[in-house]
Amino acid sequence: MLLLGCIKEVSDYELVISLPNGLLGFVPITQISDAYSKLLSQQVAHGELPEGLNSLSDMYSPGTLVRCIVTSVERSDDGRRSIKLSIDPKKVNKGLNASALATGMLLSGSVSSVEDHGYLVDIGVSGTHAFLPHEKAKNYIKALKRGPDLKVGQNLTCVIVEVKNEGRVVRLSIDRSEVAASLATEKQNWALSNLLPGLVVKARVLKVTPFGMKLTFLSYFTGIVDFMHMDPEKSMNYSPDQVVKACVLSVHPGSKAVRLTLRPAFLHPGGSPNQLSSDRMGAVVEESTVKAFYKQFGALFELDDGTLAFARLKHLSKNRKSFKSGAFKAGCKHKCRIIDYSLMDEMCIVSLKYQIIEARFLQYQDIHTGDVVQGKVLSLKPIGMQVKVADGIKGLVPSIHLADVILKQPEKKYNIGDEVKCRVLECNPAAKKLILTLKKSLIQSKLPVLTNYEDAKPGLITHGFVVCAREFGCIVKFYNDVKGLVPKNELSTEPISCPDKVFYEGQVVKVMVLKCEPQQERLLLSFRLSSKSGPEDKRECTSKEKQEVKYQIGEIVDVKVLKKKDNGLEVSILEDEDNMVAWIPTQHLSDFVATSKLLWHCLQEGDVLPKVMCLSDKGEHVILSRKSAVISAVQEEQVVRSFTEIQPGMLLTGYVRNVMPFGVFVEFPFGVTGLAPKVSMSDKFVTDTKDHFVVGQTVIAKVMSTDEEKQRVLLNLKVSECSSGDSAAESFALLNQYFKELKEIRDLLKRGESSMAQGLCELVPGKELQLVVQDVREDGSALFSGSCVTGLTVTATRYHVGEKNIVPGKKMKALVLHVDAPTSEVYVSLREELLKQRPKQVCVQFLDLCVS
């Protein structure tokens with residue numbers, strides 16, 4: 001079947017063609033012409049671009065009319081029909097032969113070569129050489145503004161100006177005025193076998209019906225004009241025997257059916273149909289008026305701006321059962337949405353379906369980079385996952401973006417038809433390219449979305465993902481293919497000798513912009529998000545600016561508290577003749593982070609702390625530690641004093657020095673430092689490293705590997721990997737130490753003169769209290785009072801109230817769960833199962849805490 005079509009979109013590998021009656025067809029890049037296919041074959045064979053090969057976008061523009069032939073009709077996976085077309089002159093003009101060629105004929109051809117005096121044009125007629133002189137192409141090239149010459153493969157609408165040697169040689173013209181004035185006549189001896197779409201003819205009206213008209217033309221041809229192709233301004237004024245100008249739209253040789261159009265834009269060959277304003281696509285029209293209803297086709301509407309629109313039957317209602325033809329009488333008004341525009345019908349295509357009117361996306365242009373969208377899994381392939389975002393809109397989730405970590409078997413996580421939430425990484429409407437991510441870290445990120453280099457201002461902090469880790473640093477990518485470099489010295493506050501061992505492709509990272517050059521598309525980044533250059537625990541200098549090294553690492557001393565500061569204690573070392581001043585950071589008061597804060601709160605100036613270990617002495621100040629696990633490791637010689645002593649498999653006790661988005665730096669006594677990458681931090685999946693570790697936390701780490709040349713140590717902090725074998729004994733030892741330190745805190749509290757302090761030190765987890773309900777909150781939690789908790793805030797959460805019916809003033813038994821000394825808050829439970837088994841229950845509770 002031959003059709004006249006209009007180019008709607010141009011991509012790298014095909015032309016999208018608007019066809020009559022709102023249909024779409026596709027011309028693959030291999031169906032342009034023989035000469036163009038030959039150049040493509042040369043490119044494939046030699047792997048380089050041959051001279052004369054241009055891209056489709058260099059030769060074709062939306063709005064250009066072309067003659068097409070249907071090569072196949074295929075059905076896609078979702079049941080939609082896909083019409084495959086060809087504009088190759090050998091197929092379109094296959095009904096012509098040399099003897100049938102005549103002056104004035106309007107044909108389609110394709111440039112096959114560029115010569116000195118003009119162009120050789122392939123018009124698809126065997127044994128005929130067609131030539132287009134330069135002077136007959138000059139005006140066309142000037143108006144087209146695509147360079148000084150036509151290009152091989154460029155499709156042309158030509159007029160035959162001269163026929164020689166019985167049709168073996170013809171001379172052509174593509175001059176715009178000559179083409180526009182061409183008219184098919186009886187003298188040109190057209191037959192049904194070679195009648196071509198795009199021909200403009202004079203026709204006579206035979207019959208007028210509500211659905212269109214029947215015409216006769218070129219003496220003995222008959223054709224149909226349907227209601228969508230009458231001239232809108234004259235549609236009610238046609239009458240039998242009236243002579244009109246018409247253009248052939250389609251020819252079906254099998255059924256001998258010919259369809260024509262009377263729309264003015266097609267009555268001058270070489271012209272272009274009207275196009276819809278881009279801002280109207282997707283617009284919702286609150287009131288559109290029914291002009292006519294055709295029960296087998298659909299309804300014709302007049303929109304708010306006076307233009308006509310058509311809705312197919314399936315778009316008039318949600319389904320067939322809900323359809324009521326009475327609602328579409330002439331004059332009825334309906335709400336609709338413009339979902340497409342048919343260039344060949346010069347008419348909007350609308351839908352009255354509620355789900356389409358309310359739809360967030362109708363076309364790729366509606367989607368913006370950074371949008372969070374819902375989709376449905378269509379297929380899983382090696383390159384990634386195909387996701388359907390909306391009808392006609394599909395996106396690709398590359399394999400590295402299927403999760404925060406690389407999935408080796410994504411089919412175990414995702415199934416066809418699953419609903420997924422994605423974020424748009426890149427959207428190119430012209431190429432219908434949509435790249436998505438399923439990484440939760442990116443989807444849930446509240447940081448600014450970086451979509452262009454102009455927005456990358458110094459100091460901006462945002463999320464990106466690693467695409468390359470090399471010796472020089474990391475390349476981090478953002479949205480719309482924006483990417484930047486994190487140099488090696490900006491990877492961490494600690495030296496990283498081998499970035500490829502710490503970072504992996506696809507890893508989500510938080511970065512700060514240091515510098516951006518938008519014109520050069522250069523971006524300098526840093527993983528060091530803080531601008532502070534020194535340690536957080538900067539202290540005032542002592543009276544002695546520099547002291548000699550007097551205390552060795554591991555040496556045990558007694559100290560007296562001189563001053564409490566926000567991040568630690570300033571102490572003096574007892575029995576030191578020089579009254580040397582030292583420093584105990586808050587996190588080094590205990591192995592337990594919570595206990596460290598409690599001890600800092602309870603200690604007072606003048607208190608003596610026995611058995612404190614020297615952690616470092618750099619000449620300016622001595623750093624001390626009360627971490628019992630670290631002290632035990634040093635005393636039992638379960639430490640390494642230099643890098644050379646470290647061996648893979650060792651279990652070492654240390655403390656967290658720094659928490660970064662990509663991992664945790666752990667420091668050991670004697671200054672050795674190692675890195676536990678994100679993947680080796682926990683047996684659980686790690687989204688945010690700060691959710692698992694804090695600075696100063698005591699840890700046991702297993703050495704994974706060492707690099708002597710680069711002085712690098714990689715560690716494992718997974719509990720399953722860091723046990724010496726008797727995990728129960730280790731847990732009870734920690735539990736014993738925890739209770740010991742709690743007793744120390746209670747003893748310190750007893751010194752307080754206030755009744756509140758005395759009350760706090762008497763309260764321990766597991767103790768049973770007699771309390772009075774003071775208030776019941778809206779969330780189900782309760783407040784209590786009592787003589788034993790005077791001045792304290794006593795609370796039971798809704799869960800720990802249980803099923804008991806409580807009202808203000810009622811006396812209740814309660815079990816102490818937790819005492820927060822700094823805030824004077826006590827948490828209790830009323831649940832019977834805890835009150836009955838409280839000693840065992842409390843022990844298990846603390847054991848679980850220590851193990852975790």
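**Figure 1. Lys477 faces Lys483 across a strand pair.** In this predicted model, Lys477 stands opposite Lys483 of strand E28. Strand E27 covers residues 473-477 and strand E28 covers residues 483-487. The two are antiparallel and share five bridges. Strands count as paired if DSSP finds at least two bridges between them. Helices (H or I, at least four residues) and strands (E, at least two) are DSSP runs, numbered from the N terminus. E27 and E28 make a hairpin, with five residues between them. In the turn, Asn480 has a positive phi of about 60°.

The model is predicted: local features need pLDDT of at least 70, side-chain atom pairs count only at pLDDT 80 or more, and totals for chains, interfaces and linings use all residues. Residues are numbered from 1 along each chain as its sequence is written, and side-chain values use heavy atoms, with hydrogens and water left out.

Figure 2. Strand E7 (residues 118-122) runs antiparallel to strand E8 (residues 129-133), joined by four bridges. Gly118 stands opposite Pro133 of E8. Six residues separate E7 and E8 in their hairpin. Gly124, in that turn, has a positive phi of about 80°. E8 also pairs with strand E10 (residues 169-173), here in the parallel sense, over three bridges. In this pair Ala130 stands opposite Val170 of E10.

**Figure 3. Leu150 sits in the largest nonpolar core.** This core has 52 residues, and Leu150 and Trp190 have the most contacts inside it. A nonpolar core is a set of buried Ala, Val, Leu, Ile, Met, Phe, Trp, Tyr and Cys residues joined through side-chain atoms within 4.5 Å. Leaving out residues up to four places away in sequence, Leu150 touches Val111, Val114, Tyr119, Leu132, Ala137, Tyr140, Ile141, Leu156 and Ile174. Contact means heavy atoms within 4.5 Å. Another core, of 33 residues, lies apart from the largest one; Leu460, Leu491, Ile496 and Val508 are among its residues.

**Figure 4. Helix H9 has a buried face.** Within H9 (residues 593-602), Thr595, Ser596, Leu598, Leu599 and Cys602 are buried. Buried means under 20% relative accessible area, exposed over 50%, and partly exposed in between (1.4 Å probe, protein chains only). Seen down the axis of H9, the buried residues fall within an arc of 165°, so they line one face of the helix. The arc is that of the directions from the helix axis to the C-beta atoms. Ala594 and Lys597, on the other side of H9, are exposed.

**Figure 5. His800 is a buried residue of helix H13.** H13 covers residues 798-801 and includes His800. His800 counts as buried because its relative accessibility is 16%. Not counting residues up to four places away in sequence, His800 touches Leu817, Val828, Ser829, Leu830, Arg831 and Leu834.

Figure 6. The unreviewed UniProt entry gives "domain: S1 motif" for several spans, including residues 282-353 and 370-439. Such annotations may be inferred rather than shown by experiment; positions are given in the numbering used here and feature names are shortened. Residues 282-353 are 0% helix and 50% strand, with end C-alpha atoms 13 Å apart. Residues 370-439 are 0% helix and 54% strand, and their end C-alpha atoms also lie 13 Å apart.
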